[in-house]
Amino acid sequence: MLTYLVALALGIIGVYKLREGLLIIQNYNDEKEAQLMRAQIEPDNNIISKNSEQCKTFKQAS
């Protein structure tokens, strides 16, 4: 009977340790993804970074 209780206790401890480790990994991945999103949202100094083929070009008036 004592063996079953010890096995149950160790199993519960193991599940919580596994859960804690997975949460640490998830928080790390969430922070990395948030940094990536912040880098994409930051505005560029150029409003139009490059000419698109779909945009018509302006010609200088003479």
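1. A salt bridge here is a side-chain nitrogen of Lys or Arg within 4 Å of a carboxyl oxygen of Asp or Glu. By that test, a search of the whole structure finds 1 salt bridge. The model is a predicted one.

2. The pair is Arg38 and Glu31. Their side chains meet at 3.3 Å, N to O. That value lies within the 4 Å cut-off, so the contact counts as a salt bridge.

3. How exposed are the two partners? Arg38 has a relative accessible area of 44%, so Arg38 is partly exposed. Glu31 is partly exposed as well, because its relative accessible area is 40%.

4. The fold is quickly described. The chain has 1 helix and 0 strands. Helix H1 covers residues 2-41.

5. The chain has 62 residues, and buried residues make up 0% of them. The accessible surface of the chain comes to about 6900 Å². Carbon and sulfur atoms account for 60% of that surface.

6. Look next at the nonpolar patch on the surface. Its members are Met1, Leu2, Tyr4, Leu5, Val6, Leu8, Leu10, Ile12, Ile13 and Tyr16. Together they have about 1200 Å² of accessible area.

7. Is Tyr16 buried or exposed? Its relative accessible area is 52%, so Tyr16 is exposed. The cut-off for that class is over 50%.

Definitions and conventions: Residues numbered from 1 in each chain as written. Predicted model: local features only at pLDDT ≥ 70, side-chain atom pairs only at ≥ 80, totals over all residues. Heavy atoms only, no water. Patch = residues over 30% accessible without salt bridge, like charges linked within 9 Å, V, L, I, M, F, W, Y side chains within 5 Å. Areas by Shrake-Rupley, 256 points an atom, 1.4 Å probe, with all protein chains shown as cover. Helix = DSSP H or I, 4+ residues; strand = E, 2+ residues; numbered from the N terminus. Buried < 20%, exposed > 50% of the residue type's maximum accessible area, 1.4 Å probe, protein only.
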